[in-house]
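Please examine the structure shown below together with its sequence. The paragraphs that follow lead from individual residues to the chain as a whole.

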Amino acid sequence: MTDTEIEITADLVRDLLREQHPDLADLGIREVAGGWGNQMWRLGDELAVRMQRMDPTPELQLNERRWLPVLAPRLPLPVPTPVRSGEPSARFPKHWTVMTWVPGDPLDCSSISRGDHAADALADFLRALHVEAPADAPVSGDRGGHPKECTAGFDRFFHAVVPDELADDVRAVWDDAIAAPEWEGPPLWVHGDLHPANVVVSDGTLSGVIDFGDISAGDPAWDLAAAWVVLPAGAASRFFDAYERADAGTIRRARGLAAMKSLFLMLMGRNGDLGLPGGKPAWGPAGRAALDCVLRG
């Protein structure tokens, strides 16, 4: 059995805690639905164990361990913060991390009813996150750059799932994004993977942001795409007014990236409907709703 095929169970999680963090081993353990690169387990009421699963290398978890304690204190929404490190062992040859638990429901399993409040909350969060990253910040190989660097990925998603009646409009949004100017400022901290499964909601509005494995330095347009991918229809304008820092070129890049992310969610949803590995059935409707928001502008 390869390490990617190791079955992660509550008993395994408890055994690892007994080996490396015995003071936590008697807390309740229960699996959290979802996850792809990592599998999550609740640990008591306030913690979670993040187990490396499909991610082929440990860098994403190690980046979270290194940088979330630096970033979290200045962010206005709760984010998971590492509290203990789990190292590879004979029982489990991958990394795992004990983190604080962010209460709320993932947006792909819930909805936002207070759109104005959510738009303001997301804008406040991204204004706080989007500061110049230090020279030793991680740089992603496939996120954070100009949309034109992602043309192959967009084309793959486009041909796989775009509805025929929307193809021309979606292509126009993408073409406009790749024609937009480059980001000319310094590389900023970006979450890199804001979509409905990576934000949580409570009381009809955003209440936290999770999964910082793709935290890196780059173009803020990657996160600003959340104006369409995360927020409900009609909230993008209020979001950009509250964010204040996005020029016209950045918004064009963000809208194109939102189209690409929407198609990716639709593809993952279709894979889930077909029972394919890694598929997420709930992501299909979320992706189609996001694509409709993108096309409304």
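Where is the place of D211? D211 lies in the loop between β9 and β10, the latter formed by residues 216-218. The model under discussion is a predicted one. Although D211 is not a glycine, its phi is positive, at about 55°.

D203 is found in the loop that links β8 (199-202) and β9 (205-209). Its phi, near 50°, is likewise positive in a residue other than glycine. D203 has a relative accessibility of 69%, and therefore counts as exposed, since the exposed class begins over 50%.

Attention may now turn to helix α10, which covers residues 283-296. How far apart are the end C-alpha atoms of this helix? They are 20 Å apart, which agrees with the span of 20 Å that 14 residues should give at 1.5 Å a residue. An α-helix has 3.6 residues a turn, so residues three or four places apart point the same way. The buried residues of α10 are W283, G284, A286, G287, A290, L291, C293 and V294. Among the elements that cover these buried residues are α5 (167-179), α7 (226-229) and α9 (248-273). Just after α10 comes G297, with a positive phi of about 90°.

The cysteines form another topic. A disulfide requires two cysteine sulfur atoms within 2.5 Å, and by this rule the count is zero. C109 is in no disulfide, and the nearest cysteine sulfur to it, that of C293, is 18 Å away. C109 counts as exposed because its relative accessibility is 63%. C150, by contrast, counts as buried because its relative accessibility is 12%.

The view may finally widen to the entire chain. The protein chain has 10 helices and 10 strands. Its C-alpha atoms fill a box of roughly 55 × 40 × 35 Å along the principal axes. A compact globule of 297 residues would have a radius of gyration near 19 Å, and the value of 19 Å for the protein chain agrees with this. Of the 297 residues, 54% are buried. Among contacts between residues at least 6 apart in sequence, 70% join residues at least 24 apart. The protein chain exposes about 13,000 Å², of which carbon and sulfur atoms supply 52%.

Definitions and conventions. Residues are numbered from 1 along each chain as its sequence is written. This is a predicted model: local features need pLDDT of at least 70, side-chain atom pairs count only at pLDDT 80 or more; totals for chains, interfaces and linings use all residues. Side-chain values use heavy atoms; hydrogens and water are left out. Buried means under 20% relative accessible area, exposed over 50%, partly exposed in between (1.4 Å probe, protein chains only). Helices (H or I, at least four residues) and strands (E, at least two) are DSSP runs, numbered from the N terminus. The expected span of a helix is 1.5 Å times one less than its number of residues. Contact means heavy atoms within 4.5 Å. The radius of gyration is taken over C-alpha atoms; the globule rule is 2.2 Å times the number of residues to the power 0.38. Accessible areas come from the Shrake-Rupley method with a 1.4 Å probe; for residues, only the protein chains shown count as cover.
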